[in-house]
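Here is my note on the model, point by point. Please keep the structure open while you read.

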Amino acid sequence: MTKYFVPLAMDTYFRGDSIEVEFCQQVRAGGNHLVVATASGKPLGEGLHLKLRERELAGVLDEFRKLPAADRQPQLVVAENVNQPRRQVPKPPRGGLAVRGYCTYLKPGKSGEPIRSEVYYYKQNPDRWKVETQSDMLWLTDAERQSLVPENPKPGDTVSVSDAIQQRFFSTIGIDYMEGSVNSLPTRNSTMTITVERVDAKGISLRLDGYGQMGKPFDTRLKGEARTRGCDVRVLGKLHCDRAAKFDRFDIVGIGKAWGNKMNYTRREMSIEGYPWMYGIACELVTGDSPIDQIPPYNLLHYNGSGTSYFSQP
Amino acid sequence: MFKIYAVLSLLFACAMTAQAEQRVAKIPAADFERLSSLIKPQKGESPWRDIAWLTNVTEARKKAAAEGKPIVIFTAADGSPLGRT
């Protein structure tokens, strides 16, 4: 991809300053589709339903190569009177913790152990495609990160994770968010405890145990009703940090059961086995600083965009 | 009347307990690594995740102009396409 193109993944809510927004409008970038354009703002492959596949992009590349040099390597003008973005892209909290979460569908295997469930969008459609593992982020502040490790830790010491962290974890990346645009679910009940397992020269090994109950309670009578989504998830984690609570491992797995319908969507695009159905979550530490490592959590956008509610205390 | 009230209270308490009942069994520690590998994206599942995406329009335009390449702009209707899609 990068041999022939410059790949840009753009957040629809943070398109940038007025010049950047103007560029996006000019090339009609935004929404659930792919656009290819020159740096000068000329859209390519117009009228084509472009996808991230060689057979679609090869033709667009040919079109680009036939353009005059002024379009292929334009002199970009530094604009004056630029209006800054209405909202700045949120950044990970300084000194905090960034965790990447994953979510996928599971089902019981032959011996009852969880295995991946193969689910398709529009199952009956010959052009159906497999549902992919979802991903989202969780951010903790510097103070919250430090609160996860007891002072002067020794094996057997425990920490009850703060209500704010439990609420944020369970209600955002602890739920089934396989349908992508899924609102957070309020946590009805939850527990999360961190136990010191070992302290040595390499650092502190910790175990995380937790259980969360989110959204609406389970009720088969509400199976066809809107706004009935609920779930339970049990989590187990293996964490490791140094004496300053700087983590180098933050691995969590979770098994969940989910039911009901998200928001007003009572007809699902994908049919899932079982009711309630099983899902799994997994988490890992974000250690890099590439653009993909910096994207904000989904629910940060849906808390008035300022982040104040995302980090608020219950 | 008191007996009716007592029975109703007991039934309500049982209902609340049932609501709080935990539906998911404990996760065996021995199954941790298997579950972690199982739940995370599988090899080859989402090749688009391995692309070195930029996320800033101006940065992408400058790079494309300098290198003489077109820009592939990947967007989603709700947030970043690199997150939930």
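1. Start with the mixed sheet. Four strands form an open sheet in the order S1(A)-S1(B)-S2(A)-S3(A), and their pairing is mixed. Strand S1 (6-10) and strand S3 (43-44) of chain A are the edge strands, each pairing on one side only. Strands (E, at least two residues) and helices (H or I, at least four) are DSSP runs, numbered from the N terminus. Two strands pair if DSSP finds at least two bridges between them.

2. A word on the source. This is a predicted model: local features need pLDDT of at least 70, side-chain atom pairs count only at pLDDT 80 or more, and totals for chains, interfaces and linings use all residues. Residues are numbered from 1 along each chain as its sequence is written, while chains are lettered from A and ligands numbered from 1 in the order in which they are written.

3. Now take the sheet pair by pair. S1(A) and S1(B) run parallel and are joined by five bridges. Val6(A) faces Ile71(B) in S1(B). S2 (residues 34-37) of chain A runs antiparallel to S3(A), with two bridges between them. There, Ala37(A) has Pro43(A) as its bridge partner.

4. Which helix lies across S1 of chain A and S1 of chain B? H3(B) does, running at about 170° to S1(A). Axes are lines fitted to C-alpha atoms, for helices over the stretch in contact, and angles run from 0 to 180 degrees between N-to-C directions.

5. H3 (residues 57-67) of chain B also packs against H1 (residues 18-27) of chain A, at about 70° and with the axes 9 Å apart. The two helices H1(A) and H3(B) are therefore roughly perpendicular (65 to 115 degrees). Glu20(A), Phe23(A) and Cys24(A) meet Val57(B), Thr58(B) and Arg61(B) in this contact. Residues are in contact if their C-beta atoms, placed from the backbone, lie within 7 Å.

6. Next, the whole interface. In chain A, 70 residues are in contact with 50 residues of chain B. The chain A side has 41 nonpolar, 17 polar and 12 charged residues. Ala, Val, Leu, Ile, Met, Phe, Trp, Tyr, Cys and Pro count as nonpolar, Asp, Glu, Lys and Arg as charged, and the others, Gly among them, as polar.

7. S10 (residues 187-200) and S11 (residues 203-215) run antiparallel, joined by 12 bridges. They form a hairpin with two residues between them. Thr191(A) stands opposite Tyr211(A). S11(A) also pairs with S12 (residues 230-241), antiparallel, over 12 bridges. Here Leu208(A) is partnered by Gly237(A).

Definitions and conventions. Parallel < 35°, antiparallel > 145°, perpendicular 65-115°, else oblique. Contact = placed C-beta atoms within 7 Å.
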